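Here is a short briefing on one structure. Please read it alongside the sequence and the coordinates.

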Amino acid sequence: MTNQNSTAKTAVVFFSGKGHTREIAQRLAGELGVEAEEIEPAEHYSDADLNYTVDDCRANRESFDPQARPELAADIPDVSDCDIVYLGYPIWWGDAAAPLRTFVESVDFAGKTVVPFCTSGGSSIKQSVSTLSSLARAGKWHKGIWFAAHSSGSSIAAKVKNAGL
């Protein structure tokens with residue numbers, strides 16, 4: 001997880017429901033010279049779980065329940081020795097996907113710079129950064145970077161550079 005081009009130890013960790021965030025995370029990790037690590041729920045999301053047009057689908061139930069904390073797989077990405085953590089996720093109903101709540105509450109971000117990045121069909125990243133940084137209660141949280149699905153490596157690099165990172 002160490003960026004070979006810098007003295008800061010960097011990690012790219014992400015949750016992806018439909019694969020869009022995974023694609024961006026892997027491209028971002030490639031640009032940074034690190035490996036992307038996935039935040040995996042204990043119970044993976046099926047296509048039916050992610051069918052947002054069905055009011056009672058799992059993603060909708062979790063999104064509208066601020067107390068929802070989906071259980072994560074036993075091995076969550078270890079960012080304890082990292083200085084910079086790029087944290088990727090899809091936006092569900094204007095906020096970070098529910099597994100991110102579980103993750104940020106289980107990790108100590110003290111002394112770390114956290115750079116949220118999201119994929120979304122149009123929702124802003126702003127609310128999700130506010131939610132996650134409040135739950136984490138530690139770390140220096142960047143305002144975040146929004147990516148369209150299927151962004152190119154050059155587009156990703158440009159957005160990271162424009163974000164001052």
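Is Cys82 buried or exposed? Cys82 is buried, at a relative accessible area of 4%; buried means under 20% relative accessible area, exposed over 50%, and partly exposed in between (1.4 Å probe, protein chains only).

This is a predicted model: local features need pLDDT of at least 70, side-chain atom pairs count only at pLDDT 80 or more, and totals for chains, interfaces and linings use all residues. Residues are numbered from 1 along each chain as its sequence is written, and side-chain values use heavy atoms, with hydrogens and water left out.

**Cysteines**

- The structure holds zero disulfides. The cut-off for a disulfide is a pair of cysteine sulfur atoms within 2.5 Å.
- Cys57 has its closest cysteine sulfur in Cys118, 19 Å away, which is too far for a bond.
- Cys57 is also buried, with a relative accessible area of 4%.

- Helices (H or I, at least four residues) and strands (E, at least two) are DSSP runs, numbered from the N terminus.
- Two packed helices are described by the angle between their axes and the distance between the axes.
- Helix α1 (residues 20–32) packs against helix α5 (residues 153–162) at about 70 degrees, and their axes are 9 Å apart. That makes α1 roughly perpendicular to α5.
- Axes are lines fitted to C-alpha atoms, for helices over the stretch in contact, and angles run from 0 to 180 degrees between N-to-C directions.
- Angles under 35 degrees count as roughly parallel, over 145 as roughly antiparallel, 65 to 115 as roughly perpendicular and the rest as oblique.
- On the α1 side, Ile24, Arg27, Leu28 and Glu31 make the contact; on the α5 side, Gly153, Ile156, Ala157 and Val160 do. Contact means heavy atoms within 4.5 Å.
- By class, this contact of α1 with α5 has five nonpolar, one polar and two charged residues. Ala, Val, Leu, Ile, Met, Phe, Trp, Tyr, Cys and Pro count as nonpolar, Asp, Glu, Lys and Arg as charged, and the others, Gly among them, as polar.
- Leu32 also belongs to helix α1. Leu32 is buried, at 12% relative accessible area.
- From Leu32 to Thr102 the sequence separation is 70 residues, and the C-alpha to C-alpha distance is 26 Å.

**Helix α3 and its cover**

- Helix α3 (residues 99–106) has six of its eight residues buried, so it is largely enclosed by the rest of the structure.
- The buried residues of α3 are Pro99, Leu100, Arg101, Thr102, Phe103 and Val104.
- Their cover includes β1 (10–14), α2 (58–63), β3 (84–92), β4 (95–96), α4 (126–136) and β6 (140–141).
- Leu135 sits in helix α4. Leu135 counts as buried, at 18% relative accessibility.
- Leaving out residues up to four places away in sequence, Leu135 touches Arg69, Arg101, Val104 and Glu105.
- Leu135 and Ser106 are 29 residues apart along the chain, with 9.7 Å between their C-alpha atoms.

**Positive phi in loops**

- Most residues other than glycine have a negative phi.
- Trp93 is not a glycine, yet has a positive phi of about 50 degrees. Trp93 lies in the loop between β3 and β4 and is exposed, at 53% relative accessible area.
- Arg137 is not a glycine either, and has a positive phi of about 60 degrees. Arg137 lies in the loop between α4 and β6 and is exposed, at 73% relative accessible area.
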